[in-house]
Amino acid sequence: MREKASVSSAKISIEANPSPVSEAKRKELLANPGFGRLFTDHMVMIRYADGKGWHDAKVMPYGPLQIDPACAVLHYGQEIFEGLKAYRLPDGGAGFFRPEANAQRFQSSARRLAMPEVPIELFLEAQRALVKADSRWIPEIEGGSLYLRPFMFASEVFLGVKPSSEYIFLTIASPVGAYFKGGAPAVSIWVSDKFTRAGPGGTGEVKCGGNYAASLLPQAEAIENGCDQVVFLDAVEHKYIDELGGMNVFFVFDDGSMVTPELGTILPGITRDSILTLARDAGIKVRQQKYSIDQWKADAASGRLREAFACGTAAVIAPIGSVKGTSVNFVIGNGGPGILTEKLKAQLTGIQRGTVADPHGWLQRGI
Ligand SMILES: Cc1ncc(COP(=O)(O)O)c(C=O)c1O
């Protein structure tokens, strides 16, 4: 749909930031970057207009945008985004983990939201151009990386409810440390029985801002109940585990097999897909199927369930230690990280950082 590319990837122009953050200040900031509050010196902006295609691609100084109050995104939320990381490689270069998978998912999100698709190569070139401009911002601390946030929004100035005729595709970069404060050994999960995240035919399987807006109240409820993250049940029967607010979920059993909820209304996570592949490589039986909250509770009580973990780009793999809800309250295993969870995490983070074998060629050199 409307994938007109009048700008080729080689044509991203560069306007260097005339007053970048000083080296001393940057070093101080990078010692403790937190998550998502710190941004680099540059961003990449590419515009789209019906009839003209993608144009005006540039790396430019990071800064505020000026938006007309009637800009379509402010009213109808026609917006999509992605999240991927650039890692410092042992040889001093920088690598991306499966960036073309993010580019493809961005296209599928665009199709669902009636937006133009960003050509794969243009998406990748935007990520490379930004990492090249701001590679000094990749944190050297343990577990650190440069989180890239490509996003696109409807920029037409019009209050009619229809797909916008103009869009802005931006990529910004944020140096990050650990996603969970204190590098939590295991996270606690709140089961939302009042709210659902996505229904069949909805937008659950794409990455649009609206999904996250709807998850904020249930996530706040999780925090109020002393939990780290919310887990959603399916919208039809309110029985089956879908996913967390921002992560997919896996269950590990005493026979060594694993289960993860099937695709449909959940986001097809790139971390989820990578874990499925690594598990199969290791001869682990993994089933993609429905798994109910009642079964989760029963399996945790009987000891059949040994481990559970959440996964996504931001936290990579986070062990789930306990589960709470209005009618459930249980601990998984000993409440800490499980053996297989730790093993998969070490393998995946090793591949991402270029320190362990990468049999599927997932690591792409950025610079
Ligand atoms: C709702 C949701 N599920 C799952 C994921 C994990 O996806 P990925 O592994 O591609 O980061 C994310 C994060 O992007 C998410 O927001």
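## Ligand, pocket and cavity

The lining of the largest pocket divides into 19 nonpolar, 13 polar and seven charged residues. Please keep in mind, as you look at the structure, that this is a predicted model.

Let us start with that pocket. Its volume is about 930 Å³. Altogether 39 residues line the pocket, and those nearest its centre are Arg-149, Tyr-179, Tyr-212, Gly-246 and Ala-314. Two or more lining residues come from each of strands S4 (79-81), S7 (145-154), S8 (166-176), S10 (229-233) and S15, and from helices H5 (209-224) and H6. Helix H5 provides the largest share of this lining, with five residues.

What takes up space in the largest pocket? The ligand does: the space it takes is this pocket. Around the ligand there are 16 residues, and Lys-207, Tyr-212, Glu-243, Thr-271 and Thr-313 come nearest. By class, the shell around the ligand holds five nonpolar, seven polar and four charged residues. Helix H6 (270-281) and strand S15 (305-312) each supply at least two residues of this shell.

| Residue | Protein atom | Ligand atom | Distance |
|---|---|---|---|
| Glu-243 | side-chain N or O | nitrogen | 2.6 Å |
| Ile-270 | backbone N or O | oxygen | 2.8 Å |
| Thr-271 | side-chain N or O | oxygen | 2.5 Å |

On its own, the ligand has 390 Å² of accessible area, and the protein covers 95% of it.

About 80 Å³ of space lies in the largest cavity. The residues that line this cavity are Gly-83, Leu-84, Lys-85, Tyr-87, Phe-97, Asn-102, Ile-270, Thr-271, Thr-313 and Gln-352. Strand S5 (84-88) and helix H6 each give two or more residues to the cavity lining. Strand S5 gives the most, with three residues. By class, the cavity lining has four nonpolar, five polar and one charged residue.

Some names link the cavity to the ligand. Ile-270 and Thr-271 line the cavity, while a backbone atom of Ile-270 and a side-chain atom of Thr-271 also make the polar contacts shown in the table. Helix H6 contributes to the ligand shell, to the lining of the largest pocket and to the lining of the largest cavity.

Notes
Residues are numbered from 1 along each chain as its sequence is written. This is a predicted model: local features need pLDDT of at least 70, side-chain atom pairs count only at pLDDT 80 or more; totals for chains, interfaces and linings use all residues. Side-chain values use heavy atoms; hydrogens and water are left out. A residue is near a molecule or strand if one of its heavy atoms lies within 4 Å of it. A polar contact is a pair of N or O atoms within 3.5 Å; within protein, one must be able to donate a hydrogen and the other to accept it, and residues adjacent in sequence count only if both atoms are side-chain atoms. Accessible areas come from the Shrake-Rupley method with a 1.4 Å probe; for residues, only the protein chains shown count as cover. On a 1 Å grid over the protein atoms alone, a cavity is a set of points where a 1.4 Å probe fits but cannot get out, and a pocket is an open set with protein on both sides within 12 Å along at least five of seven lines; lining residues have an atom within 4 Å of a point. A molecule sits in a cavity or pocket if more than half of its atoms lie within 2 Å of its grid points. Helices (H or I, at least four residues) and strands (E, at least two) are DSSP runs, numbered from the N terminus. Ala, Val, Leu, Ile, Met, Phe, Trp, Tyr, Cys and Pro count as nonpolar, Asp, Glu, Lys and Arg as charged, and the others, Gly among them, as polar. Grid points are joined across faces, edges and corners, and a volume is the space filled by probe spheres set on the points.
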